[in-house]
Amino acid sequence: MSTPTALVRVAQATLLALWVMALVAGYWGVLAAPDLLARPDNARALLMERRYPRGPLLDRNLTPLAQAQGAPGQSVRAYAYPQLSATLGHVSLAYGQSGLEAALAETLTGRAHLTETERWWHDLLSTAPAGAPVRLTLDLPTQRRADAALGAHPGAVVVLESTTGDLWALASHPTYDANMLDSTWAELMNDPHAPMLNRAVSARYQPGGLMYLLTLAGALNAQRLTPAALMTDPVAEANAQIGVAGWQLACLDRAAPPRQTLAQALLAGCPWPFAQLGDALEAALLRPLWQDMRLFTPLPLGLPQTTLSAPAPFDAAFEAIGQGQTTVSPVQVALITASLAQRGQQPAPRLAQAWQTAAGVWQPFAPAEASMASLPPDVAETLAGLLPHGYRAAALTNAQGQALAWFTAFTPNRRFVVTVLLENGTPAEAEAIGQEVLAGLER
Amino acid sequence: MSTPIHSTRLLLLPVVGLGLLNFALLALAPWARVNDWSVPVPADLWRLGGLAALWLACLLGAVAVAHRYLPGHDPHLLPVVYWLCGWGLALIWRVAPAFAVRQGVWLAVGTLALLAVAVWGGDWRWFKRYRYTALLAGLALTALTLVVGVNPGGQGAALWLGGWWNVFVQPAEILKLIVVAFLAAYLADRREQMFGARGPALAYFVPLMGVWVFSVLILISQRDLGMSTLFFLTFLVMLYLASGQALYLLAGGGLLAGAALAGMTLFEVVRVRVSIWLDPWADPLGRSFQVVQGLLALAAGGVFGRGPGLGAPTLVPVSHSDYVLAVLAEEWGWLGVLAALTGLAWLSVRGWLVAVRRPEPFQQLLAAGFTTVLVVQSLLILGGVLRVVPLTGLTLPLLSYGGTSLVTTLVLFGVLLRLSVPR
């Protein structure tokens, strides 16, 4: 016969163990719950959207770019213009959220403006608020023109309204179709051309000849150079070559003569005079200018970016010709161009304009940053005067000699800026794409 | 003092009420989920109604038969058992309706088996005469899976026999009960010699160890490490109950630790499960996916739960079986988990009481052994899901999907029910 005492002890031990399990369940269900539910592999919030779909993403003319479709309880996200996938992002049960869908999720799902009591009530009843529409700054007709102009070139096109900082178009090629994300995920992950990368915002490139503009700005700002000298004083051996990573960097215009003014050397894309100028200005003058132009601060767009700190050591000569450690994104280049167009006032970029309340009222988003004076007005005007037809540049991007092509310009009324980046094209091709987009804006 | 039928009725009312309410809330879930009455009626809703009716019929039928043929039986057992069975049916329906229908069929089979054992099994003293025969049959059946074993899922450990007419039987579940009954019979007969005043007589331990080792080896060769752990722990507890000496528990604990270390050296599956247990966050989308998603389900349930049919427990793999606790926690919250654990604790207390009240050693050990199996199995799977111990792949008694598991658990309660009848 089993010892009653032993039996009682076993009973007590097992009941105690069950009680411990209850406490552990309480730990996971209550104490550890907030951290667990915030994990990216928790798809419940996205699953909830099948029942309570998020609001649509609209362009500035209220044309739907992304919206929920399907029967109640089976809602899925549909993207009307898949070429914008790298910017709009995606919403997937299996692969989470990205892009603006992720950045604006709280607003789109209606949770951003709930009180704590409302949140608690929704959690208790397992319900969710109605989604809120968000109006973006993007303009679908302009976006279509940018995508059509960029075509099969890998690269980016940015259209920026220089007075407000509104991004009217962000073309990034190659891109992907967010409607097909789940079925093409493995293919997209293994694609060496990185179609999910937003080349306009998230990628950083060697600026190359673009930096000649900032080097001139630095010299003018420090009064090491006058506007008159810029236009009239000749520089000897302006067409000399510079060795970079085993390659010889020469003028874009192969016919450029050895004696030119700095203005002529700028338009001919000659690196030597600017390397000399950078060397003379030194890091003490150039680095603060790079910082004032926001080259080392993240853009307030809510999209993933790689941010860099100022290079150390700062090799002024190579930084001055855009072949140092500083890299830029196409949106940053557009902002720099905008500051030239707007007498030195650089706007803060924005993609999200306003959200709509349940009562139908459009509430603007508070600006994440203010515009700031990045250059003295006279310096900006001097440089802007050199670029009536825009500015094209090239950059050496790797030791194999691959070159990038840039083009940036503003419309005659200076309202819009267009920036083009081609990963393996020529500056002439970049200019042609830019001019095509500009023509549409001028109309 | 209330008579058993009055006590049973007192428990029946809330059990029937809660059970039917559970099924009703599940039935309304498609509309509640979208807050829209225009959603068409799901085509399989009649099956849910059928399941609810089947469950009710099994509950009321079992109670009626027990009242007729088992006067004085424990009035708590049947209502609580069927409360958990009904809850399990509803949870399985939530995540895998096809499996819920199968579980309903097994519930009916298990109810018949429970009643047959309770009514015709007598006081089980006859088992002592046939203990070796039963044991050999159980071992042979389990060993058969080494040769012709299958897995209903098509891949994984081949622990089942069958596949004819889509019916699968897991012999290890049957062996579980046979080994416990054998141990109870053997220990009851040999107790004096084994644990006498002169110290343990090893000769009497040899056949016992042989039986136990052979059982465990079969299970290990099948990589059914959860069941082999359950066998080991049940064996230890029964040794302790028979001897009253904690030394056996301590020695067994040391052996278990040694076995775990050996298992980690010899078996990849053990290494993987231990590493997942220690750090599930290292590979949340790979090997630890089930564990992490289970914890997420617990977190999503909070205190009050999402509500029946309103959570997302289908995100947890195998949620109808190993991880049914995750389904319960997500939709019924921590309060639901407390309720289920209270039910299991309640059943274990009734089982211990049955053991204490039987005058004969074999019946004491039989009741205690079966209760031990119930509780230890529950603790092992609860511990695995809650990350207290590595996951073992056992079922949560009465709640998880598993035909053989449900039938053998109901047989276990049939024996307890019979033993609860005063002589």
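Visitor: What percentage of the residues in chain A is buried?
Guide: This is a predicted model, so the value is computed from predicted coordinates. A residue counts as buried under 20% relative accessible area. Chain A has 443 residues, and the buried share is 53%.

Visitor: How many helices and strands does chain A have?
Guide: The C-alpha atoms of chain A fill a box of roughly 110 × 55 × 40 Å along the principal axes. The secondary structure within chain A comes to 17 helices and 19 strands.

Visitor: Among contacts in chain A between residues at least 6 apart in sequence, what percentage joins residues at least 24 apart?
Guide: A contact here means heavy atoms within 4.5 Å. Of the chain A contacts between residues at least 6 apart, the share joining residues at least 24 apart is 67%.

Visitor: What share of the accessible surface of chain A belongs to carbon and sulfur atoms?
Guide: The accessible surface of chain A is about 18600 Å². Carbon and sulfur atoms account for 56%.

Visitor: Which elements do the buried residues of H16(A) pack against?
Guide: Helix H16 of chain A spans residues 377-384. Its buried residues are Val379(A), Ala380(A), Thr382(A), Leu383(A) and Ala384(A). In chain A, the buried residues of H16(A) pack against helix H10 (211-221), helix H11 (227-232), helix H15 (330-341) and strand S18 (403-410).

Visitor: How many residues apart in sequence are the parts that Arg294(A) and Glu369(A) tie together?
Guide: Arg294(A) and Glu369(A) form a salt bridge, with the closest N and O atoms 3.6 Å apart. Arg294(A) lies in the loop between helix H13 and helix H14 of chain A, and Glu369(A) in the loop between strand S15 and strand S16, so the pair ties together parts of the chain separated in sequence by 75 residues.

Visitor: Which residue forms a salt bridge with Glu360(B)?
Guide: Side chains of opposite charge can pair when their charged atoms come close. For Glu360(B), the closest N and O atoms of the pair are 3.6 Å apart.

Visitor: Which residues are linked with Lys128(B) in a network of salt bridges?
Guide: Over all chains, the count of salt bridges is 23. Some of the residues in chain B are linked into a network. Alongside Lys128(B), the network holds Asp123(B), Arg125(B), Arg131(B), Asp189(B) and Glu360(B).

Visitor: How many residues apart are Arg271(B) and Glu268(B)?
Guide: Arg271(B) and Glu268(B) form a salt bridge, with the closest N and O atoms 3.0 Å apart. Arg271(B) is partly exposed at 33%, and Glu268(B) is partly exposed at 47%. Both lie in helix H10 of chain B, about one turn of the helix apart, or 3 residues.

Visitor: How many aromatic pairs are there over all chains?
Guide: Rings of Phe, Tyr and Trp pair if their centres lie within 6.5 Å. By this rule, the count over all chains is 18 aromatic pairs.

Visitor: What is the angle between the planes of Phe23(B) and Trp55(B)?
Guide: The ring centres of Phe23(B) and Trp55(B) are 6.0 Å apart. Phe23(B) is in helix H1 of chain B and Trp55(B) in helix H2, 32 residues apart. Phe23(B) is buried at 4%, and Trp55(B) is buried at 0%. The pair is tilted, with the planes at 50 degrees.

Visitor: Which residues of chain A join Trp281(B) in a cluster?
Guide: Ring pairs make the links in this cluster. They connect Trp281(B) to Tyr27(A) and Trp28(A).

Visitor: Which residue has its charged end over the ring of Tyr69(B)?
Guide: The charged end sits 4.9 Å from the centre of the Tyr69(B) ring. The residue is Arg68(B).

Visitor: Is Leu28(B) buried, partly exposed or exposed?
Guide: Leu28(B) is in helix H1 of chain B. With Leu18(B), Leu21(B), Leu25(B) and Trp37(B), Leu28(B) makes a nonpolar surface patch of about 530 Å². The relative accessible area of Leu28(B) is 41%, so Leu28(B) is partly exposed.

Technical notes:
Residues are numbered from 1 along each chain as its sequence is written. Chains are lettered from A and ligands numbered from 1 in the order in which they are written. This is a predicted model: local features need pLDDT of at least 70, side-chain atom pairs count only at pLDDT 80 or more; totals for chains, interfaces and linings use all residues. Side-chain values use heavy atoms; hydrogens and water are left out. Patches are made of residues with over 30% relative accessible area and no salt bridge: like charges are joined within 9 Å, nonpolar side chains (Val, Leu, Ile, Met, Phe, Trp, Tyr) within 5 Å. Accessible areas come from the Shrake-Rupley method with a 1.4 Å probe; for residues, only the protein chains shown count as cover. A salt bridge is a side-chain nitrogen of Lys or Arg within 4 Å of a carboxyl oxygen of Asp or Glu. Helices (H or I, at least four residues) and strands (E, at least two) are DSSP runs, numbered from the N terminus. Buried means under 20% relative accessible area, exposed over 50%, partly exposed in between (1.4 Å probe, protein chains only). Rings of Phe, Tyr and Trp (its six-membered ring) pair if their centres lie within 6.5 Å; planes under 30 degrees apart count as stacked, over 60 as edge-to-face and the rest as tilted. A charge sits over a ring if NZ of Lys or CZ of Arg is within 6 Å of the ring centre and within 35 degrees of the ring normal.
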